[in-house]
Amino acid sequence: MSHARRKALVQPDHPRLSIAKQCELVSVSRSSYYHRPSGESDLNLELMRLIDEQYLKTPFYGHRQMTRHLRREGYAVSRTRIGRLMKLMGLSAIYQKPNTSKPNKQHKIYPYLLRGLAIDRPNQVWCADISYLPMPRGFLYLVAIMDWATRKVLSWRLSNTMEADFCVEALEEALERYGQPEIFNTDQGSQFTSEEFISALQKHPAIRISMDGKGRWMDNVMIERLWRSLKYECIYLHTFETGSEVRQGLKHWINFYNTERPHSSLDDKTPDEAYWQKPRPGYAGPALRLAA
């Protein structure tokens, strides 16, 4: 169980157990229970938005190159500061990096199963990813579950932390609504290698688990394209003030994306039409076109 979930189990008004005793029972220190994050400064929030916008254009920028970019824009920033903000946002350069750190021994890394695979039908491969969403007074994280072949967004969740819980909720909703895929692909982020997320997948033995190579964004490229469209067509066009406003805006845009936004790669069908294998509107078929 994550630290956030254990912390949430502590009840300040419990009739018999003190807060100290409850913290001891759920393995949470009293100091961490009472700690309230102060949040980022206005300048850091502005920098995070600028980093996010530039990263969409140049996802190969690491913290050094991003620092140079921001300095050219007139911001006197250090590499340490930009590195911390990019880490907080979950952003890193897309090029392959040397494997200088060992993965958590409790987090198994699964092999990448999509190399050379023809993905051409619904529910053959699903994928998931997390993206950072800038806000005027903070930031949120968005996870989405997508059907690879049809680009349909099957489920999504917002969170203000990077705990695994909201990813598990999105996964369980997608499985309940749409059945299960043959393969489920993610990156090697700790949310997707966590015991909670893997256990939710393993409840369905027919699903084969696949994970991208370390640092290889191209292995999960379909959902990376979703983030670019979502941010330019929704997030950056509106000034969402609260989490509820973001949630309503995303709900409207994702519904539009699934039901109205055609894709050339889908023969000009929408993701819904491709997923449910419906003919695109106005298409009469080859024989009728010849007759006309």
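Ring pairs join Tyr132, Phe139 and Tyr141 into a cluster. Rings of Phe, Tyr and Trp (its six-membered ring) were paired if their centres lie within 6.5 Å, with planes under 30 degrees apart taken as stacked, over 60 as edge-to-face and the rest as tilted. Under this rule, nine aromatic pairs are counted. The model is predicted: local features require pLDDT of at least 70 and side-chain atom pairs pLDDT 80 or more, whereas totals for chains, interfaces and linings use all residues. Residues are numbered from 1 along each chain as its sequence is written, and side-chain values use heavy atoms, with hydrogens and water left out.

The protein contains 13 helices and five strands, assigned as DSSP runs (helices H or I, at least four residues; strands E, at least two) and numbered from the N terminus. Of its 292 residues, 45% are buried (under 20% relative accessible area, with exposed over 50% and partly exposed in between; 1.4 Å probe, protein chains only). The accessible surface amounts to about 16600 Å², 50% of which belongs to carbon and sulfur atoms; areas come from the Shrake-Rupley method with a 1.4 Å probe, and for residues only the protein chains shown count as cover. Among contacts (heavy atoms within 4.5 Å) between residues at least 6 apart in sequence, 62% join residues at least 24 apart.

A nonpolar core is defined as a set of buried Ala, Val, Leu, Ile, Met, Phe, Trp, Tyr and Cys residues joined through side-chain atoms within 4.5 Å. The largest such core comprises 42 residues, and those with the most contacts inside it are Ile51, Met66, Trp126, Ile145, Phe184 and Phe197. Elements giving two or more residues to this core include helix H4 (42-57), strand S1 (125-135), strand S2 (138-147) and helix H7 (165-178). H7 supplies the largest share of this core, eight residues. Apart from this core lies another, of 31 residues, including Leu133, Met135, Trp148 and Val246. With residues up to four places away in sequence not counted, Ile145 touches, among others, Trp126, Leu154, Ala174 and Phe184.

Arg151 is found in the loop between S2 and strand S3 (153-159) and is buried, at 12% relative accessible area. Asp268, in the loop between helix H11 (243-259) and helix H12 (271-275), is partly exposed, at 45%.

Zero disulfides were found in the whole structure (pairs of cysteine sulfur atoms within 2.5 Å). Cys23 is buried at 1% relative accessibility, and Cys234 is buried at 3%.
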